[in-house]
Amino acid sequence: MGGFVAQYPVLRWGIAAGFVVAAVLVAGRLPVFAHGVVGGASRPAADHESDAAHLLMCLVMLAMLVFPMVAAPDALRGVLTAMTVVYAAVLAGRVWAWRNGDCAPARAATIGYHLTAATAMLWSMSGHGMSMAMDRPPVGSSVPMLVFAALFVLDAVLMFVPGPISALRHASGHAMTPAAVIPHVVMDLGTAYMLAAAALN
């Protein structure tokens, strides 16, 4: 994957800049950074667990993009594995609460999205015996990666289509504000980029 990332510097640094913007927007919603915000529109729908998950994923993606050839694959796989386990546990808790009427479906869907993205990131690194600088995976695994990359791109595009945009934002737990939607789109495109890089390396 590292070779692919290094070959396309404009795309690489553009996505890296997107993750910086997404990280800043998400961090601004966390309580530790948001004390100075007055009457923020997204405060009623705040989901601090999801925001923390999003911030962690942005930082991991940045590490992979900024240091594609020297980032320790084993360490990154360990971090991603821990993230998927934690997100799965949080999702299980929210699904349980939802079934008991104590949690809105959108809150479960939000963590479900992060779990899906983290799993895709882990798959792009370790699901087929790859590391950041190893050869491309077999064709049988490249095709599913490209299909999932296309699905993430489609999800990003649908966030801007007038028809389903309101329903999609509601289903994914996002407030109707750019500060909530932009990080989701950046994560979509970054995950798609990772999958494509792993498949085409």
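Q: Which residues are buried in helix 4?
A: In helix 4, the buried residues are Leu76, Arg77, Leu80, Met83, Thr84, Tyr87, Leu91, Arg94 and Ala97. Buried means under 20% relative accessible area, exposed means over 50%, and partly exposed is in between, with a 1.4 Å probe and protein chains only. Helices here are DSSP runs of H or I with at least four residues, strands are runs of E with at least two, and both are numbered from the N terminus.

Q: Before going on, what sort of model is it, and what is left out?
A: This is a predicted model, in which local features need pLDDT of at least 70, side-chain atom pairs count only at pLDDT 80 or more, and totals for chains, interfaces and linings use all residues. Residues are numbered from 1 along each chain as its sequence is written, and side-chain values use heavy atoms, with hydrogens and water left out.

Q: What is the mean pLDDT of the chain?
A: The mean is 76, and 71% of the residues reach 70 or more. pLDDT is the predictor's confidence in each residue, from 0 to 100.

Q: Which elements have the lowest and highest mean pLDDT?
A: Helix 7 (residues 165–171) has the lowest, at 56, and helix 4 (residues 73–99) has the highest, at 89.

Q: Where does pLDDT stay under 50?
A: Residues 37–44 are one such stretch, and the model gives them seven contacts beyond four places in sequence. Contact means heavy atoms within 4.5 Å. Residues 127–139 are also below 50, and that stretch has 40 contacts beyond near neighbours in sequence.

Q: Back to the fold. How many helices and strands are there?
A: There are eight helices and zero strands. Along the sequence the pattern reads α-α-α-α-α-α-α-α.

Q: And what share of the chain is buried?
A: Buried residues are 46% of the 201 residues. The accessible surface is about 9600 Å², with 74% of that belonging to carbon and sulfur atoms. Those areas come from the Shrake-Rupley method with a 1.4 Å probe, and for residues only the protein chains shown count as cover.

Q: What fraction of the contacts with a separation of 6 or more links residues 24 or more positions apart?
A: That fraction is 75%.

Q: How far does helix 4 reach, end to end?
A: From its first C-alpha to its last, helix 4 reaches 38 Å over 27 residues, close to the 39 Å expected at 1.5 Å a residue. The expected span is 1.5 Å times one less than the number of residues.

Q: What about the span of helix 3?
A: Helix 3 (residues 48–66) has 19 residues and should span 27 Å, which agrees with the 27 Å between its end C-alpha atoms. Its buried residues include Ala53, Leu55, Met57, Val60 and Leu62.

Q: How many salt bridges are there?
A: There are two. A salt bridge is a side-chain nitrogen of Lys or Arg within 4 Å of a carboxyl oxygen of Asp or Glu. One pairs Glu49 with Arg94, with the closest N and O atoms 2.5 Å apart. Glu49 is in helix 3 and Arg94 in helix 4, so the pair ties together parts that are 45 residues apart in sequence.

Q: Is Glu49 buried or partly exposed, and what about Arg94?
A: Glu49 is partly exposed at 45% relative accessible area, while Arg94 is buried at 6%.

Q: Which residue does Arg77 pair with?
A: Arg77 forms a salt bridge with Asp74, and their closest N and O atoms are 2.5 Å apart. The two are three residues apart in helix 4, so about one helical turn separates them. Arg77 is buried at 17% relative accessibility, and Asp74 is exposed at 60%.

Q: New topic: which residues form the nonpolar patch on the surface?
A: Val143, Val147, Phe148, Leu151 and Leu154 form it, with about 440 Å² of accessible area together. Patches are made of residues with over 30% relative accessible area and no salt bridge, joining like charges within 9 Å and nonpolar side chains (Val, Leu, Ile, Met, Phe, Trp, Tyr) within 5 Å. Val147 is in helix 6 (residues 139–158) and is partly exposed at 44%.
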